[in-house]
Amino acid sequence: MGAILPDMVIKELDPRVLIVDSLALRGLGIKGLLRQWAQERGVELDFWDPTASSDPDLPAFTYRLGILSLGHMSIGDRIALGWLAHLRRSHLNTPIVIWSDLPAPHEALLAIQHGVQGFVPTVTTPQLAMQALTFIMSGGTYFPPEALIETSLSEEKQPSPDISRSKPDGPNGYGGAHEDLRNEAPDAFGTGRARPLISRRP
């Protein structure tokens, strides 16, 4: 299990980022992509293959960030959920970001529902992806804007409580016209060009 060290001790160690991928070639490719980003931030990059039977345990370091690379596997797949659970058990305080070849908003929604701190589809530009990783490593969260839009649309489809009141203008003073008291939620996204959603956790 990953060691949980006091803050003063962590500051004395080189910060580390863990890349988790079941395909070594793909995982090492991500490591190569992030090499310059890591050097600029003084970060060490580690790689772990969750399917390697000879090395079933995660490296025993304290990580500033965990990148779970799933390729075309959905985060809702039971295997992916098993890797995520193992990563969380081993490194309780490590923020986790999903690196995925599935850019659909549905996958980002699943990532939100499973409590990870970020979702980076591989259609993202390298510059934006590295900015997102830096932000998540610093304690923030990152999800593509379409994921939040999809979340908002899903919430709008949910039935709202009937808090309308009847005006006493029908028979016997009941069942007349309804005055709707529900407030329409303002558009949180505006009408301009969508920008990447980056929001800091409280």
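Helices (H or I, at least four residues) and strands (E, at least two) are DSSP runs, numbered from the N terminus. S69 lies in strand β3. The model is predicted, so local features need pLDDT of at least 70 and side-chain atom pairs count only at pLDDT 80 or more, while totals for chains, interfaces and linings use all residues. Residues are numbered from 1 along each chain as its sequence is written, and side-chain values use heavy atoms, with hydrogens and water left out.

The secondary structure of the protein comprises seven helices and nine strands. Of its 202 residues, 35% count as buried. Buried means under 20% relative accessible area, exposed means over 50%, and partly exposed lies in between (1.4 Å probe, protein chains only). Contact means heavy atoms within 4.5 Å. Among contacts with a separation of 6 or more, 66% come from residues 24 or more positions apart.

S69 is buried, at a relative accessible area of 1%. Its side chain is joined to that of D21 by a polar contact of 2.6 Å. A polar contact is a pair of N or O atoms within 3.5 Å; within protein, one must be able to donate a hydrogen and the other to accept it, and residues adjacent in sequence count only if both atoms are side-chain atoms. Residues up to four places away in sequence aside, S69 touches V20, D21, R26, I30 and W99.

Helix α4 covers residues 78–90. The expected span of a helix is 1.5 Å times one less than its number of residues. For the 13 residues of α4 this gives 18 Å, and the end C-alpha atoms are 18 Å apart, which agrees. Buried residues in α4 are A80, W83, L84, H86, L87 and S90. They cover an arc of only 160° around the axis, which puts them on the same side of α4. The arc is that of the directions from the helix axis to the C-beta atoms. An α-helix has 3.6 residues a turn, so residues three or four places apart point the same way. The cover over the buried residues of α4 includes β1 (16–21), β2 (44–48), β3 (65–71) and β4 (96–100). At the start of α4, a side-chain oxygen of D77 comes within 2.8 Å of the backbone nitrogen of I79.

A nonpolar core is a set of buried Ala, Val, Leu, Ile, Met, Phe, Trp, Tyr and Cys residues joined through side-chain atoms within 4.5 Å. The largest has 21 residues, and V17, L34, W37, L65, I67, W99 and L133 have the most contacts inside it. At least two residues of this core come from each of β1, α3 (35–40), β3, β4 and α6 (126–137). Helix α6 supplies the largest share, seven residues. A second, separate core of 20 residues includes L70, L87, V116 and F143.

K31 is found in helix α2 (residues 24–33). At 25% relative accessibility, K31 is partly exposed. K31 and V17 are 14 residues apart in sequence and 9.8 Å apart in space, C-alpha to C-alpha.

A search of the whole structure finds one aromatic pair. Rings of Phe, Tyr and Trp (its six-membered ring) pair if their centres lie within 6.5 Å; planes under 30 degrees apart count as stacked, over 60 as edge-to-face and the rest as tilted. F61 and Y63 form the pair, edge-to-face, at 6.2 Å centre to centre and 80° between the planes. F61 is partly exposed at 37%, whereas Y63 is buried at 4%.
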